[in-house]
Amino acid sequence: MKKFMDENFLLKTEVAQKLYHEHAAKMPIFDYHCHINPKDIAEDRRFNTVTEVWLYGDHYKWRAMRTNGVDERFCTGDATDWEKFEKWAETVPHTLRNPLYHWTHLELKKFFGIEKLLSPATAKEIYDECNRLLNTPEYSVRGLIRKANVNTICTTDDPVDTLEYHKQIKESGFEVAVLPAWRPDKAMMVADPAFFNDYMAQLEKAAGTDIKTFGDLIAALDKRHEFFHENGCRLSDHGLDTAFAEDYTAEEIEAIFVKIRGGAKLTAEEILKFQSCMLYEFGVMDHKRGWTQQFHIGAQRNNNTRLFKKLGPDTGFDSIGDVPVAAPLAKLLDRLDMENKLTKTILYNLNPRDNELYATMLGNFQDGSVPGKIQYGSGWWFLDQKDGMTKQMNALSNLGLLSRFVGMLTDSRSFLSYTRHEYFRRTLCDLLGTDVENGEIPYDMELLGNMVENICFNNAKEYFNF
């Protein structure tokens with residue numbers, strides 16, 4: 001029987017252990033998609049308690065706590081930091097076989113050197129020790145980033161953002177590159193006219209221009225796109241139910257834009273046509289400036305109306321959607337490709353039924369210009385656990401080139417989530433080690449070691465070319 005989470009955690013073979021310890025573990029982290037706040041990095045925030053860094057904003061943990069019978073007051077409410085931590089400690093023993101159990105103890109071990117299991121019996125001791133360390137200079141936000149050996153961070157930023165904190169970080173001389181990533185989803189949210197028109201006012205202010213026509217809208221967004229480019233951005237991201245690729249005419253889009261600017265509600269067909277046009281226009285902008293576009297597809301969001309109204313989005317009430325994606329995704333990519341405007345693209349699915357669909361979609365639009373130009377993104381959200389990551393890598397291996405994969409990202413709001421890269425790297429090495437053990441791939445440590453190092457870091461560094 002193996003010890004829980006020892007140095008060979010998840011590594012079942014000697015080859016896997018060698019690949020991880022001699023190759024994967026030493027590679028820096030290239031975290032090209034996350035939701036951490038650049039303000040915290042710019043100001044080198046110090047956390048008063050482990051609850052602040054661990055539980056604030058973490059809807060993964062909130063979902064588990066609610067499922068365990070914990071009242072909302074201890075998740076998003078006015079309970080004290082200790083009370084919230086205590087309730088999380090009560091929940092952790094019930095998360096066995098959920099990735100939260102692994103992530104929790106990886107983070108305690110990696111950042112705080114704590115190998116005890118979190119439970120009600122150990123909660124106070126662990127809480128006090130973490131808080132003691134967090135109140136030392138080396139446990140500031142930048143200190144935590146250094147401890148994780150992070151090379152590059154790409155945040156998630158709206159077109160109207162000033163990027164002032166990214167500028168501060170760069171001017172401060174911080175050795176880790178912290179770059180913005182363009183997330184223009186709000187410019188497509190036309191189902192609610194009041195919301196959209198309020199956003200148009202924000203965009204007008206940010207771009208310093210009036211937006212009276214659809215052409216004005218695209219010009220204002222392109223101006224902000226250029227501003228992001230000047231501040232180091234080379235990456236966009238779109239959170240989508242599915243790809244949008246409805247046929248439309250320029251006259252239809254202008255009429256739809258006039259209608260919504262007048263405060264009228266759009267039909268379902270009009271919404272789809274407008275979103276299809278916007279997604280195409282964003283793809284053209286990205287190609288023009290040599291960016292990479294990311295499509296995160298398949299979340300069904302804000303399912304609990306009562307709690308969405310009370311708590312807002314991103315609070316733990318989203319799930320996997322089942323909207324068809326193959327036809328519209330192929331149509332969107334094909335239109336951009338036919339016009340020679342298809343930039344580097346990363347596709348992420350949330351529904352695991354679509355693994356092979358996405359893995360085969362890549363090959364339709366590879367053009368030999370860049371290794372792995374169209375990427376199958378890592379296991380995302382509900383799939384960023386051992387089983388989900390393994391299935392994603394198996395699909396990519398069977399139907400594409402795993403060796404050209406740009407690897408893992410945190411997709412997190414927490415500065416302790418860099419251990420997800422370790423979790424991914426151990427899973428990758430175990431996958432390859434098992435294949436060697438079974439005689440399915442050669443025992444060539446130079447070949448395998450290079451492949452592991454490339455997937456962990458080098459491929460991303462070369463692909464994004466920041």
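## Charges

Lys and Arg count as positive here and Asp and Glu as negative, while His and the chain ends are not counted. A charge is placed at NZ of Lys, CZ of Arg, CG of Asp or CD of Glu. On that basis the protein chain has 56 positive and 70 negative charges, and their mean positions lie 3 Å apart.

## Basis

This is a predicted model, where local features need pLDDT of at least 70, side-chain atom pairs count only at pLDDT 80 or more, and totals for chains, interfaces and linings use all residues. Residues are numbered from 1 along each chain as its sequence is written, and side-chain values use heavy atoms, without hydrogens and water.

## Overall fold

The protein chain has 19 helices and nine strands. These are DSSP runs numbered from the N terminus: helices are H or I with at least four residues, strands are E with at least two.

The C-alpha trace spans about 70 × 55 × 45 Å along its principal axes. Of the 466 residues, 56% count as buried (under 20% relative accessible area; exposed is over 50%, partly exposed in between; 1.4 Å probe, protein chains only).

## Positive phi

Most residues other than glycine have a negative phi. Leucine 10 is not a glycine, yet has a positive phi of about 70°. Leucine 10 sits in the segment before α1 (14-24) and is buried, at 15% relative accessible area.

Asparagine 302, also not a glycine, has a positive phi of about 55°. Its place is the loop between β6 (299-300) and α14 (305-311). Asparagine 302 is partly exposed, at 26%.
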